[in-house]
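Here are some notes to read beside the model, written for someone who is new to looking at protein surfaces. Please keep the structure in view and find each residue as it comes up.

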Amino acid sequence: TDLPPQRARLLRHRVQQAKKRREYRANVLADAQALKEYAVRYAHPELPVVSDATATARCYFDRASASEQESLEEAEYRAGVLADAKALKEQAVLHAHPELLAATASIVPTDAATATAAFITTATAAAASPAA
């Protein structure tokens, strides 16, 4: 088969394109088959579950029963967030129920949240009273 070089290149190119098309078609058909299996499993959950032998293996390093370890930085951050949430809750309660502040008015505030709530309540009461 003595073909001119240009004709030989064209023929090799067409063969390569045909091979790529076959591979692409095989991949598309495999994807369609997998989608069909997923659709059947979704539509019929009563069908038995198919598993292989490796599905029963247990990983002792990444098991779900292991408790999550928290780093020192995460623990400190979580403690700070919880403290902020507690202070915000105190402010919200004192804002919603100013009568609670009157019962504790004789107590000197020890933290910034209580002092802020006391200032807000006092300012609100002063603004609500009629000016002379």
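1. Leu-3, Leu-11 and Val-15 make up a nonpolar patch on the surface of this predicted model, and together these residues have about 270 Å² of accessible area.

2. Leu-3 has a relative accessible area of 44% and is partly exposed, while Leu-11 is partly exposed with a value of 45%. Because patches are made of residues with over 30% relative accessible area and no salt bridge, Leu-3 at 44% passes the area cut-off, and Leu-11 at 45% passes that cut-off too.

3. Which residues does Leu-3 touch, if those up to four places away in sequence are not counted? The contacts are with Ala-8 and Leu-11, and Leu-11 is also one of the members of the nonpolar patch.

4. A patch of negative charge is also found on the surface, where Glu-68, Glu-73, Glu-74 and Glu-76 gather. One of them, Glu-74, lies in helix 2, which spans residues 72–96, and with a relative accessible area of 45% Glu-74 is partly exposed.

5. How many salt bridges does the count come to? The count is one, and the pair consists of Glu-70 and Arg-78, whose closest N and O atoms are 3.1 Å apart. Side chains of opposite charge can pair when their charged atoms come close. The cut-off for a salt bridge is 4 Å, so the 3.1 Å between Glu-70 and Arg-78 falls within that limit.

6. The chain has 132 residues, of which 5% count as buried. The accessible surface of the chain comes to about 12200 Å², and 61% of that surface belongs to carbon and sulfur atoms.

Terms used
Residues numbered from 1 in each chain as written. Predicted model: local features only at pLDDT ≥ 70, side-chain atom pairs only at ≥ 80, totals over all residues. Heavy atoms only, no water. Patch = residues over 30% accessible without salt bridge, like charges linked within 9 Å, V, L, I, M, F, W, Y side chains within 5 Å. Areas by Shrake-Rupley, 256 points an atom, 1.4 Å probe, with all protein chains shown as cover. Salt bridge = Lys/Arg side-chain N within 4 Å of Asp/Glu carboxyl O. Lys, Arg positive; Asp, Glu negative; His and termini not counted. Charge placed at Lys NZ, Arg CZ, Asp CG, Glu CD. Helix = DSSP H or I, 4+ residues; strand = E, 2+ residues; numbered from the N terminus. Buried < 20%, exposed > 50% of the residue type's maximum accessible area, 1.4 Å probe, protein only. Contact = heavy atoms within 4.5 Å.
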